[in-house]
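Please keep the sequence and the model at hand.

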2 protein chains.
Amino acid sequence: MYLGMTESDFPEIRRLHLFAEMGEDHFRALLRGSYVQNFPPQIELIEEGDPSDFLHVVLSGSVELFSTWNGRETSLATVRPVSTFILAATIRNAPYLMSARTLEKSRVALVPSQDVRAVFDIDAKFARAIVSELAQCYRTVIKNTKDLKLRTSLERLANYLLRQQRRANGAMEFDLTLEKRRLASFLGMTPENLSRAFKGLQAYGVRVAGNRISITDQMDLEKFAKSSPLIDDYQT
Amino acid sequence: MYLGMTESDFPEIRRLHLFAEMGEDHFRALLRGSYVQNFPPQIELIEEGDPSDFLHVVLSGSVELFSTWNGRETSLATVRPVSTFILAATIRNAPYLMSARTLEKSRVALVPSQDVRAVFDIDAKFARAIVSELAQCYRTVIKNTKDLKLRTSLERLANYLLRQQRRANGAMEFDLTLEKRRLASFLGMTPENLSRAFKGLQAYGVRVAGNRISITDQMDLEKFAKSSPLIDDYQT
DNA sequence: ATCGATGGTTGACTTTTGTCAAACTACTAA
DNA sequence: TTAGTAGTTTGACAAAAGTCAACCATCGAT
């Protein structure tokens with residue numbers, strides 16, 4: 001079923017690590033079975049427990065991965081263009097472990113899981129890329145767990161801010177890319193507590209005005225945060 | 001370097017999902033570069049941050065994966081025979097994110113990471129197995145994160161006990177396989193709190209005597225724990 | 001400009017969790 | 001057997017985090 005995948009989407013997807021090195025024919029074969037859809041904000045794309053029929057690629061907008069249990073909900077990640085999500089479920093042909101919803105108007109490509117598995121078996125470069133991507137995802141989650149288990153909420157926030165600052169090329173001022181209540185959930189605390197944590201970081205040179213963060217004492221914040229590449233580096 | 005890998009170790013390793021389907025010649029090539037060592041208890045095999053030179057395979061005994069930051073330490077997993085650990089670091093050729101220490105006298109096979117990567121590129125079955133294993137590891141960590149973020153410590157303990165009970169084929173009585181302080185750390189709490197959590201579960205039909213757990217009211221415990229396959233099932 | 005809705009913040013309070021010190025237990029080694 | 005050690009438990013207390021209700025700010029629509 002072909003629903004609006006335009007040629008202009010190809011290069012963007014192709015540029016992803018996951019698809020960059022694979023054979024052109026295999027790439028086209030993958031996309032032939034795929035389709036693209038536009039979603040309004042706050043649409044649930046996936047519910048945890050569903051069978052994993054598609055590998056998803058966010059082309060524009062943003063998607064939140066979250067999970068619920070016993071009436072509680074927690075935010076696990078935010079996916080921004082251009083990247084894939086729920087690769088592991090696709091590979092294992094197992095039910096999704098996380099739900100996904102659009103945060104804003106988003107364009108998402110859906111690649112049939114069975115095609116991904118089929119091409120994996122015939123394209124070594126693609127196989128290599130998938131393994132590499134999965135290993136990276138795994139390591140990211142491990143870092144996340146260490147962050148959660150080894151740090152207090154104040155330390156988690158401090159380190160989060162320093163990571164965001166790095167994403168903003170080290171600027172002294174930058175905007176939060178997440179709603180605060182989602183940030184709170186991602187960091188494993190309540191919105192009320194996040195509010196208090198921001199106030200607690202004032203003592204270490206952090207100013208907050210709405211979504212705008214100012215680091216007024218870089219040294220002090222870094223000294224408090226004690227960032228470690230084995231937790232806070234997303235590259236390695 | 002060949003240090004005591006005996007032919008008798010081969011079949012056990014071969015039986016692992018990871019190595020079960022690969023070509024015999026490739027399997028032998030992998031093991032040719034490997035060696036086996038016996039370690040006493042409490043030996044640190046790996047320190048987080050080290051370069052990932054070897055894929056490790058626990059042949060006997062048990063190994064704890066843990067991490068430290070700022071003087072704190074947390075237990076992330078226990079590896080029991082026969083299984084591998086730190087596959088992701090091996091694949092990405094990136095530094096280990098976790099430290100590893102033997103809990104008891106243990107026999108560990110060390111397979112050079114570069115050999116793993118080399119064989120991955122020429123053996124499609126092995127590649128498939130690695131991806132499958134990595135995807136499973138990833139999903140396990142995600143489940144763990146959900147457990148940590150969505151549940152209170154009492155709920156985490158209740159679900160842990162039910163999982164252990166299932167491992168014991170549903171017996172009403174079974175032994176903890178972990179020291180309590182390690183269990184506490186794994187579940188994200190202090191030993192003191194674990195003690196109190198056990199007392200808290202008395203109300204739901206849990207009896208504790210040393211390492212021995214008795215489930216005296218299965219229904220009640222299950223009703224409290226609200227286990228979910230999307231968190232507590234290690235298979236899917 | 002006003003209203004309403006949503007998200008954010010604040011304060012008072014409760015619950016949960018961690019900390020510290022002491023007591024207790026099981027196990028090991030002399 | 002006994003002493004010593006490491007692990008566990010307990011109680012008193014402190015700190016951290018969650019809850020609830022009220023209030024404030026922002027934004028969009030009428």
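1. Conventions. This is a predicted model, in which local features need pLDDT of at least 70 and side-chain atom pairs count only at pLDDT 80 or more, while totals for chains, interfaces and linings use all residues. Residues are numbered from 1 along each chain as its sequence is written, and chains are lettered from A and ligands numbered from 1 in the order in which they are written.

2. Overall form of chain A. Chain A contains 11 helices and 11 strands; helices (H or I, at least four residues) and strands (E, at least two) are DSSP runs, numbered from the N terminus. Its radius of gyration is 19 Å, close to the 18 Å that the globule rule gives for 236 residues, so chain A is as compact as a globular protein of that length. The radius is taken over C-alpha atoms, and the globule rule is 2.2 Å times the number of residues to the power 0.38. Along the principal axes, the C-alpha atoms of chain A fill a box of roughly 55 × 35 × 30 Å.

3. Burial and contacts. Among the 236 residues of chain A, 39% count as buried. A residue is buried if 20 or more other C-beta atoms lie within 10 Å of its own, exposed if 12 or fewer, and partly exposed in between, with C-beta atoms placed from the backbone. Of the contacts in chain A with a separation of 6 or more, 72% are between residues 24 or more positions apart; two residues are in contact if their C-beta atoms, placed from the backbone, lie within 7 Å.

4. The four-stranded sheet. Four strands of chain A form an open sheet in the order β1-β8-β3-β6, with antiparallel pairing; two strands pair if DSSP finds at least two bridges between them. The edge strands are β1 (35-39) and β6 (83-85) of chain A, and each pairs on one side only. From one strand to the next, the twist averages 30°. Five bridges join β1(A) to β8 (residues 106-112) of chain A in the antiparallel sense, and Val36(A) stands opposite Ala109(A) in β8(A). Helix α5 (residues 113-122) of chain A lies across β3 (54-60) and β8 of chain A, running at about 55° to β8(A). Axes are lines fitted to C-alpha atoms, for helices over the stretch in contact, and angles run from 0 to 180 degrees between N-to-C directions.

5. The three-stranded sheet. A further open sheet of chain A has the order β9-β11-β10, and its pairing is antiparallel. At the edges stand β9 (173-175) and β10 (206-209) of chain A, each with a single partner strand, so one side of each is left without a neighbour in the sheet. Here the twist averages 20° from one strand to the next. Four bridges link β10(A) with β11 (residues 212-215) of chain A, and Val208(A) has Ile213(A) in β11(A) as its bridge partner.

6. The β4-β5 hairpin. Seven bridges join β4(A) to β5(A), which run antiparallel, and Leu65(A) stands opposite Ala77(A) in β5(A). The hairpin has two residues between the strands, and Asn70(A) takes a positive phi near 55°.

7. Contact between the chains. In chain A, 43 residues are in contact with 43 residues of chain B. Elements of chain A that each supply at least two residues to this side include β4 (63-69), β5 (72-79) and α4 (87-92). Helix α6(A) gives the most, with 21 residues. By class, this side of chain A has 22 nonpolar, 11 polar and 10 charged residues. Ala, Val, Leu, Ile, Met, Phe, Trp, Tyr, Cys and Pro count as nonpolar, Asp, Glu, Lys and Arg as charged, and the others, Gly among them, as polar.

8. DNA strand C. Helix α9(A) gives the most to the surface near DNA strand C, with four residues. This surface has four nonpolar, six polar and six charged residues.

9. DNA strand D. The largest share of the surface near DNA strand D, four residues, comes from α9(B). Its residues divide into four nonpolar, five polar and six charged.
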